[in-house]
Structure formats: C-alpha cells, structure tokens
Amino acid sequence: MNKSPFRIAIAGLGTVGGGVVKALTARGEELSRRAGRELKLVSVSARDPRKARGYALTGWTADPLELARGEADVVVELIGGDEGIARDLVTLALKNGKHVVTANKALLARHGTELAELAESRGVTLKFEAAAAGGIPILKALREGLIAQPIEAVKGILNGTCNYILTEMESSGRSFAAVLKEAQARGYAEADPTLDVGGGDTAHKLALLSSLAFGTRPDLDSISVEGIEHITPDDIAYAREFGFRIKLLGVTRRVGEGIEQKVHPSMVRQRSPLANVDGAQNGVMVDAGAAGSFFFSGRGAGETPTASAVIADIVEAASETPSPVFGRPARSLTRLVPADAKAAVSPWYLRFEVLDVPGVLALIAGHLAEAGVSIESMIQRGRDPGEPVAIVMITHETAQANVERALKAIAASDKVRSRPCMIPMEAA
Ligand SMILES: NC(=O)c1ccc[n+]([C@@H]2O[C@H](COP(=O)([O-])OP(=O)(O)OC[C@H]3O[C@@H](n4cnc5c(N)ncnc54)[C@H](OP(=O)(O)O)[C@@H]3O)[C@@H](O)[C@H]2O)c1
C-alpha cells in the first residue's frame with residue numbers, strides 16, 4: 001500500500017454513524033487492505049459533544065459544514081433529512097471536490113438528480129447503498145449487476161417497522177394500534193411513526209430503486225402512497241384463508257409507455273418469497289425480463305447492517321474511479337412518465353362491514369357489476385342478529401378505477417357501517 005491515506009470525515013454519530021466509526025476502528029486494517037490504501041478517520045461531527053458514545057471523537061468539529069471544508073477525501077453524511085444541514089453538507093462537500101457517502105434516502109429521493117449532476121461535474125463519487133434496504137446490496141445489483149436486460153418491475157418490502165407490525169399482527173391477532181405501541185416500547189418503531197407506517201419511508205426508497213431500474217430521475221411526487229394504519233387483524237386472517245399474506249410493498253413497474261410507482265398494502269401469495277419475509281427483515285424482488293426474477297432479502301435497518309453498506313461505499317470510493325451516481329450520466333436520466341395507476345389491473349381483496357339485513361348482498365353485488373367488477377370468491381361471516389357482519393370478496397382482474405367507483409357507491413348506503421377496504425393482490 002503505497003498510496004496516500006484516504007481521509008474520512010463523518011457527520012452524524014447516531015445509530016448508523018456510530019456503527020461506521022466502530023467498524024472502522026475494529027476492522028480498519030482489513031478494510032484498508034481491501035481499499036488498497038489506508039482508511040483514516042480524520043474528523044467527526046454531531047450535535048452533542050458531551051454524549052457518551054463509547055469511542056473517541058477523533059477530530060471533533062462542532063459545525064458539520066467544516067467537514068466539507070477540511071482535509072477529508074470523503075464526507076460521510078449520516079445526519080438525515082431532505083433539507084437543512086444534511087443537504088447543505090452534501091452540496092458543499094461535492095462542490096469542494098470531496099466524495100460523499102450517505103444513507104439518506106429522503107435527500108436522494110428529493111434532490112438526487114441535482115446532487116448526481118454536481119458530483120459528476122466535479123469528478124467525485126456520491127454513493128448511497130445504505131439508503132434503500134439497509135444491508136442488502138440491491139442498489140449495486142440494479143446499478144451494475146442487472147443491466148443486460150431491461151428491468152420490468154421491482155417490488156420490495158422496504159420498511160422493517162411495517163413488516164414487523166404486520167408479522168406481529170398476524171401471529172398474535174392483535175390490532176395495529178396495540179402492536180405499534182409495543183414496537184415503540186421495544187425500539188422497533190419511532191416515537192413519531194408516521195413516516196414508517198404511512199408509507200413515506202418506503203416511497204423514498206422506491207424512488208431510488210425506480211431511478212436505478214429505469215434510468216429515470218427520482219420522482220417522489222408521482223408515487224401513490226398508502227400506509228398500513230387501516231389494516232385489521234380480520235383482513236390478515238381473511239388473507240390467510242385465501243392463501244395470501246398482507247405486506248406493505250413498494251412497487252415500480254413498466255405499464256405501457258410509463259412507469260407505475262406505488263406504495264400500498266398488498267396481498268401476496270403465501271408461497272411467494274416476499275410473503276415469507278418476516279419481522280423487521282426486508283426483501284426485494286426484481287423482474288429482469290428475459291434474465292429472469294431475482295430475490296434479495298436481509299436486514300434492512302439497524303446499526304450493523306446499515307453501517308456495513310456505508311463501509312462498502314467508503315471502500316469503493318477509496319479504490320475506484322468515480323462512476324455515474326445512478327448508473328448512467330445524471331444528465332441522461334429521463335423524466336419519469338407516470339403510468340395511470342388507476343388503469344393498472346389486478347385482482348382485489350374487498351371487505352365490507354354491513355348490517356345483517358335483507359338485500360345488502362344484492363346491493364354490493366349490483367354496484368360491483370355496474371362498475372364491471374366480477375367476483376371470484378366470497379366469504380360471509382355471521383354474527384349475532386343486528387350486529388354488523390363482514391362480507392369479504394376476491395375479484396377477478398379489474399382496474400383500480402372500477403373498484404373505486406363501485407366502493408364509492410356502496411359506501412353511500414346506510415347499510416354499510418364503515419369505509420370498505422380494498423387491497424390489490426400481487427401476481428408474485
Ligand atoms: N437507523 C437505521 O437503521 C437506518 C437505516 C438506513 C438508513 N438510515 C439513514 O441514516 C441516516 C442516519 O440515521 P440514524 O438512524 O443513524 O439517525 P440518528 O440515530 O438519529 O443519528 C443522527 C445523528 O445526527 C446528529 N445530528 C442531528 N442533527 C444534527 C445537526 N443539526 N448537526 C449535527 N449533527 C446532527 C445527531 O447528533 P447527536 O448524536 O449529538 O444527537 C446524531 O448523531 C438517516 O438519513 C437515516 O434515514 C438509517
């Protein structure tokens with residue numbers, strides 16, 4: 001190793017940043033051999049210099065922006081957030097000709113194109129493997145490994161918190177609210193879980209997967225997003241009766257001339273690999289057309305898996321000639337043309353809570369038929385007289401717009417007790 005040391009500055013010493021510092025300290029020599037030059041941590045920054053972290057604060061700097069002005073060859077941004085200090089730091093570091101490694105999906109999903117253009121104009125690397133599916137090297141697979149055939153679709157369980165909640169709801173029969181509360185107590189869910197359970201975090205990751213799969217600019221705003229808050233233990237039990245499990249999926253796929261991007265609870269066939277991703281694990285299925293389907297799974301978050309992806313990026317930045325951030329020169333990324341999500345067809349799971357009175361089934365069937373939705377199978381569970389009953393149906397393939405039209409008419413009836421539930425069924 002006769003090259004100069006590769007000088008590393010890290011901003012953010014929380015779950016991920018702390019893991020990176022510890023890995024560099026524990027495995028520095030081995031990682032340096034891999035990189036072909038010494039990996040040297042020269043400075044760190046976070047908010048609170050007095051916090052006990054269990055390791056030395058090498059070259060502590062109170063202002064993270066100083067890291068972009070200092071001696072470092074790479075700035076590792078592990079603060080988070082799509083604006084503010086994270087965006088300022090990454091922008092300044094790239095402007096100053098420093099490589100950047102980040103785990104920040106929100107920043108890349110929102111500003112990925114402009115940051116990639118900046119990195120490429122300065123001849124430096126911008127790497128973000130940890131930003132989607134944590135320890136799973138899915139971005140590298142899409143950027144480098146699966147390029148020979150056009151990708152048709154990417155479907156992923158990308159949020160460990162949601163998958164943990166759905167798995168626990170299934171195994172215990174408890175409600176969403178009860179399981180969320182327990183997940184928060186055990187540190188599997190944030191105090192404010194909105195970004196996770198509402199699907200926003202999955203959308204950030206999906207925007208990056210889409211871009212790498214289809215050569216388009218990350219386009220967060222065209223993703224239709226629905227979370228898991230309204231899923232009930234009954235939905236999960238009915239799904240099982242029909243041979244499915246409910247998962248929060250991020251799906252991006254070619255539909256006609258456009259790309260459909262959506263995040264929503266989906267019914268996944270029990271035998272599909274995605275259905276068997278349990279707890280806080282992540283899983284991603286790539287349909288690479290003529291090359292076939294590929295499935296990746298593993299830990300999508302947490303200190304060690306996420307730091308592992310960040311470390312891999314640092315080693316690559318130290319040893320490689322910079323390559324295009326999204327696998328193609330940023331200026332050649334095309335504008336994503338959103339496919340009409342409402343036109344996408346699939347079979348649907350529908351659940352209605354209705355009053356047990358004569359004519360209610362005819363009412364539902366009538367509105368579905370009027371909208372062109374045909375029923376494949378149905379379950380009706382009896383309760384005590386006068387109590388609401390559940391009617392659950394699986395439809396044949398039909399467009400979302402048709403189902404929505406029928407459900408709107410059905411929901412207007414005073415025989416229907418709550419908002420009907422509709423969940424698409426995934427083919428694989
Ligand atoms: N956690 C995961 O499993 C995971 C997985 C994949 C990707 N990510 C991404 O990785 C990034 C970091 O996540 P994390 O979980 O490690 O976050 P975290 O535990 O909350 O740590 C954030 C760190 O940033 C520091 N910080 C916050 N505001 C700051 C400011 N204004 N100036 C300087 N430092 C500031 C904090 O300082 P103090 O320590 O002094 O408070 C802390 O060290 C995020 O982009 C996240 O989306 C996380």
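In this predicted model, helix α1 (residues 15-35) supplies three residues to the shell around the ligand, the largest share of that shell. The ligand is surrounded by 24 residues in total, the closest being Gly12, Gly14, Arg47, Gly80 and Ala301. Classified by side chain, the shell holds ten nonpolar, ten polar and four charged residues.

Helix α1 also packs against helix α11 (residues 303-319), the two axes coming within 9 Å and crossing at roughly 45°. On the α1 side, the contact is formed by Thr15, Val16, Gly18, Gly19, Val20, Ala23, Leu31, Arg34 and Ala35, which meet Glu303, Thr304, Thr306, Ala307, Val310, Ile311, Val315, Ala318 and Ser319 of α11. This contact of α1 with α11 comprises ten nonpolar, six polar and two charged residues.

Helix α6 passes α7 in a right-handed crossing. Residues Thr161, Tyr164, Ile165, Glu168 and Met169 of α6 meet Phe176, Val179, Leu180 and Ala183 of α7. By class, seven nonpolar residues, one polar residue and one charged residue make up the contact of α6 with α7.

Technical notes:
Residues numbered from 1 in each chain as written. Predicted model: local features only at pLDDT ≥ 70, side-chain atom pairs only at ≥ 80, totals over all residues. Near = placed C-beta within 6 Å. Helix = DSSP H or I, 4+ residues; strand = E, 2+ residues; numbered from the N terminus. Nonpolar A, V, L, I, M, F, W, Y, C, P; charged D, E, K, R; others polar. Axes fitted to C-alpha atoms, helices over the stretch in contact; angles between N-to-C directions. Contact = placed C-beta atoms within 7 Å. Left-handed = near helix turned anticlockwise from the far one by under 90°.
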